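Biologist: I would like to learn how to read a model of this kind, starting with the chain as a whole and then moving to single residues. Could you take me through it step by step?

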Amino acid sequence: MSDRTHSSPPRRIFIDKQSPKAFHALVQVSEAVRATASEAGLDRTTVELINLRVSQLNGCAYCLDVHTRAALRAGESPQRLGILSAWRDTGLFTPSERAALALAEATTDPVNAALQASAYEAARQVLSEDQISAAIWVAVTINAFNRVSVMSKHPVPPLHDE
């Protein structure tokens with residue numbers, strides 16, 4: 001057997017640490033997006049639901065960990081967090097949250113034109129144009145952070161009693 005069959009996979013580069021200026025620019029974008037969302041009237045729990053749903057779709061364990069804790073701090077319920085991946089199948093989410101989640105999914109799957117059209121149609125019924133824009137920006141930003149964490153293989157640290 002060759003040494004290759006027993007070797008561990010190569011360690012990933014933490015691109016946020018390797019290129020701190022680029023990562024800092026992404027952090028600044030996220031801060032601007034958070035302010036935009038607040039100014040548009042998207043509450044913190046809706047923003048965190050978007051962050052979590054996009055992170056679920058992208059399989060980003062690190063961001064799921066970070067944003068689950070942020071959602072809980074913002075007052076989100078464990079029940080709704082537990083069923084977020086099946087949000088369409090429950091009445092526990094408000095029409096505006098449902099519209100924001102649909103926009104988030106459409107943003108995360110940009111080649112699905114039917115999904116985009118449906119999401120926009122639903123959003124226009126319950127969200128202002130500022131809220132639609134803000135929800136899409138939240139999804140765009142968390143998609144970027146997901147790529148950073150997934151490609152870097154950021155580890156999820158175990159929680160110690162908070």
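This is a predicted model: local features need pLDDT of at least 70, side-chain atom pairs count only at pLDDT 80 or more; totals for chains, interfaces and linings use all residues.

Biologist: Which secondary structure elements does the chain have, and in what order do they run?

Modeller: There are eight helices and zero strands in the chain, so that, read from the N terminus on, the elements run α-α-α-α-α-α-α-α. The C-alpha atoms fill a box of roughly 60 × 35 × 35 Å when it is taken along the principal axes.

Biologist: How should I read the contacts and the surface of the chain?

Modeller: For contacts, one looks at how far apart in sequence the partners are: among those between residues at least 6 apart, 69% join residues at least 24 apart. For the surface, one looks at the area and the atoms that supply it: the chain exposes about 9,700 Å², and carbon and sulfur atoms supply 56% of that area. As for charge, there are 16 positive and 17 negative side chains, with the centres of the two sets lying 8 Å apart.

Biologist: Which residues does UniProt list for a domain?

Modeller: The unreviewed UniProt entry lists residues 20-106 under the name "domain: Carboxymuconolactone decarboxylase-like". In the model, the chain over residues 20-106 is 76% helix and 0% strand, and the end C-alpha atoms of that stretch are 30 Å apart.

Biologist: Let us turn to single residues. Is T90 buried or exposed?

Modeller: The general idea is to compare the relative accessibility with a cut-off, and buried means under 20%. T90 counts as buried because its relative accessibility is 18%, and this residue lies in the loop between α5 (78-82) and α6 (95-108). A polar atom of the T90 side chain lies 3.2 Å from the backbone nitrogen of L92, and, leaving aside residues up to four places away in sequence, T90 touches I83 and R98.

Biologist: Where does I132 lie, and which residues does it touch?

Modeller: I132 lies in helix α8, which covers residues 129-152, and it counts as buried because its relative accessibility is 4%. Not counting residues up to four places away in sequence, I132 touches L103, Y120, A123, R124 and L127. The C-alpha atoms of I132 and A99 are separated by 8.7 Å, although the two residues are 33 residues apart along the chain.

Terms used: Residues are numbered from 1 along each chain as its sequence is written. Side-chain values use heavy atoms; hydrogens and water are left out. UniProt positions are given in the numbering used here, feature names are shortened, and annotations may be inferred rather than shown by experiment. Helices (H or I, at least four residues) and strands (E, at least two) are DSSP runs, numbered from the N terminus. Buried means under 20% relative accessible area, exposed over 50%, partly exposed in between (1.4 Å probe, protein chains only). A polar contact is a pair of N or O atoms within 3.5 Å; within protein, one must be able to donate a hydrogen and the other to accept it, and residues adjacent in sequence count only if both atoms are side-chain atoms. Contact means heavy atoms within 4.5 Å. Accessible areas come from the Shrake-Rupley method with a 1.4 Å probe; for residues, only the protein chains shown count as cover. Lys and Arg count as positive and Asp and Glu as negative; His and the chain ends are not counted. The place of a charge is taken as NZ of Lys, CZ of Arg, CG of Asp or CD of Glu.
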